[in-house]
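Visitor: I'd like to learn how to read a model like this one, going from the whole chain down to single residues. Where do we begin?

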Amino acid sequence: MNQYETNGMIEQFTQKGYEKVGFETKADIYVINTCTVTNMSDKKSRQIIRKAKKLNPEGIVVVTGCYAEVSKEEVEEILEVEIVILNDKKKDIVEIIEGYVNDVETNSIDDLTPNSNEFLDFEITAHTERARISIKVQDGCDNFCSYCIIPYAKGRVRSRKPESVVNEIREAVRKGIKEVVITGIHIASYGKDLSNIGIIDLLEEVNKVEGLKRIRLGSLEPTLITEEFVRRLKRLDKICDHFHLSLQSGNDKTLKRMNRKYSTKQFEESVRLLREKFPEAGLTTDVIVGFPGETEEDFEKTYGFLEKINFSKMHIFKFSPRKGTPAAKMAEQVNEKIKEERSKRLIELSGKNEKTFLEMHVGKEIQVLFEQREGEQIKGHTTNYIVVGIFDSNQANDINLENQISTVKIIKRNNFELIGEVM
C-alpha cells in the first residue's frame with residue numbers, strides 16, 4: 001500500500017517539474033510516508049524524520065501516512081516537521097507544499113479527516129519498478145480487529161472502480177511490466193461498496209489484459225476462500241500460486257479475543273481448498289505472539305496448529321499494544337520476555353519450514369521472473385514467490401535476463417534462496 005501511494009505522490013511531483021533524488025542526496029523537500037501498524041514503525045518514522053532534517057536543516061520535512069493520521073498531535077510536536085498531510089490529501093501534496101512555501105493558507109489538519117465514501121485514485125501512469133508493480137484496488141477496513149489501529153487510520157472500506165484498475169494495468173504492461181500485485185488494506189472486502197462485483201470478478205477482468213504475465217495477490221482473509229472462489233481462481237492462467245492467508249493465532253480462544261471472524265477449523269478448510277487446486281503453492285501467514293491473555297497452553301495450541309498447516313513461511317510479530325484499540329486495555333498483558341521466547345520458537349519453526357519448502361524444488365525446472373542485479377548475480381521470483389539467483393554473471397549478461405521470464409533448472413538451495421541456471 002505504501003509503495004503504491006509513494007509512487008502516486010512521486011508522480012504528482014514529477015508532473016510539476018520536480019526531480020526525485022536519493023535519500024542521501026541533499027534535497028529541498030523530504031516526504032516521509034509513515035506506517036503505524038506497530039510501535040516500532042512509529043519509532044522508525046521518527047528516526048527517519050530526524051535523519052532527513054539532519055541531511056538538510058533548511059529542507060522542508062513533510063510527514064504523511066497512517067502515523068500522521070492517528071497521532072497528528074504527536075507528529076506536529078516533532079520539531080523537525082514542517083507539514084503534516086493526512087491520507088486523503090496525498091494527491092494534493094504538491095499544492096499543499098507550494099502553499100506552505102508561498103505562505104498561502106491551506107486547509108487545516110483538522111479539516112483533513114479521512115473520507116469514508118470515496119476511494120483516493122492516484123491514476124498512476126509512471127511506475128518506478130521495472131518488472132513487478134503493486135496495484136491498489138481497495139482502501140479501508142470494517143473488521144475492527146481488537147489489536148489493530150488501521151481502521152481508525154484508513155477509514156471504512158472504499159473500492160476502486162474496476163475500469164480504473166484495468167486501465168492502469170494496461171498502461172503498465174505497455175511500458176514493460178510483467179507482473180502486478182493486487183493490494184489493499186483488506187482486499188477480501190473489495191466491491192462491498194460497489195454493486196454486483198467482488199475481488200474474484202475484478203481478477204477475472206485483470207486476467208484478460210493482453211501482455212500481462214502474472215497476477216499476484218496481496219494478503220487474503222481465510223473467509224474469502226470458498227469452493228467457488230478457488231474454482232474460479234484456478235481458471236485464471238495468470239494467477240500466481242502464492243497465497244498469504246492472515247492467521248494471527250492458531251488458538252480459537254485467542255482468535256475470539258482478537259475479534260477475528262473465523263475459527264482454526266475454517267482456516268484449515270481454506271488451506272485444504274487452496275492446496276487441492278494449487279498443490280505447489282507457497283502459503284505464507286502472519287502470527288501474533290503474546291496477545292493479552294495468551295497462556296502457555298494457548299501458545300502450544302498455536303504452535304501445534306502451525307506445525308500441522310506447515311506454512312512455507314511465517315511472519316512473526318510480538319503483540320504491540322496500540323493506543324486507542326481494545327487490546328491495549330485488556331487485562332493479562334503478556335510479559336515481554338515471554339513474548340520474545342515464543343517469537344523465537346515460531347521464527348525457528350518458520351525457518352525450518354521454509355528450507356524444507358525450498359529443498360522440494362531442487363532439481364526442478366521452474367519459471368522465474370528476473371528483476372534486478374545484486375552484485376554478481378541476478379535474482380527473481382517464481383510464481384510461488386521463491387527467490388532464485390543466477391550466479392553465472394556472464395550467462396545472465398549474454399541472455400539479458402532482467403525483466404524477463406525464463407525457465408531455470410534449480411541446482412541447489414543457498415540458505416533461504418535457490419540457485420539455478422537458465423535452460
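Guide: Let's begin with charge: Lys and Arg count as positive and Asp and Glu as negative, while His and the chain ends are left out. Bear in mind that this is a predicted model. On that count, the protein chain carries 65 positive and 70 negative side chains. The centres of those two sets are 4 Å apart.

Visitor: How many helices and strands does the protein chain have?

Guide: There are 14 helices and 15 strands. The radius of gyration is 22 Å, close to the 22 Å from the globule rule for 423 residues, so the chain is as compact as a globular protein of that length. As for extent, the C-alpha trace spans about 65 × 60 × 45 Å along its principal axes.

Visitor: And how do I read burial and surface for the protein chain?

Guide: Buried means under 20% relative accessible area. Of the 423 residues, 54% count as buried. The accessible surface comes to about 20,400 Å², and carbon and sulfur atoms hold 47% of that.

Visitor: What share of the contacts with a separation of 6 or more comes from residues 24 or more positions apart?

Guide: That share is 73%.

Visitor: Let's zoom in. Is R214 buried or exposed?

Guide: Use the cut-off again: under 20% is buried. R214 has a relative accessible area of 3%, so it is buried. R214 sits in strand β7, which covers residues 214-217.

Visitor: Which backbone oxygen does the side chain of R214 reach?

Guide: The one on H381, at 2.9 Å. Setting aside residues up to four places away in sequence, R214 also touches a list of residues that includes K178, E179, K238, C240, V368, H381 and I405.

Visitor: How far apart are I405 and V368 in sequence and in space?

Guide: They are 37 residues apart in sequence, yet 5.3 Å apart in space, C-alpha to C-alpha.

Visitor: Can we finish with a residue in a helix?

Guide: Take S45, in helix α2, which runs over residues 39-55. S45 has 6% relative accessibility, so it counts as buried. Leaving out neighbours within four places in sequence, S45 is in contact with T34, C35 and Y67.

Key:
Residues are numbered from 1 along each chain as its sequence is written. This is a predicted model: local features need pLDDT of at least 70, side-chain atom pairs count only at pLDDT 80 or more; totals for chains, interfaces and linings use all residues. Side-chain values use heavy atoms; hydrogens and water are left out. Helices (H or I, at least four residues) and strands (E, at least two) are DSSP runs, numbered from the N terminus. Buried means under 20% relative accessible area, exposed over 50%, partly exposed in between (1.4 Å probe, protein chains only). A polar contact is a pair of N or O atoms within 3.5 Å; within protein, one must be able to donate a hydrogen and the other to accept it, and residues adjacent in sequence count only if both atoms are side-chain atoms. Contact means heavy atoms within 4.5 Å. The radius of gyration is taken over C-alpha atoms; the globule rule is 2.2 Å times the number of residues to the power 0.38. Accessible areas come from the Shrake-Rupley method with a 1.4 Å probe; for residues, only the protein chains shown count as cover. The place of a charge is taken as NZ of Lys, CZ of Arg, CG of Asp or CD of Glu.
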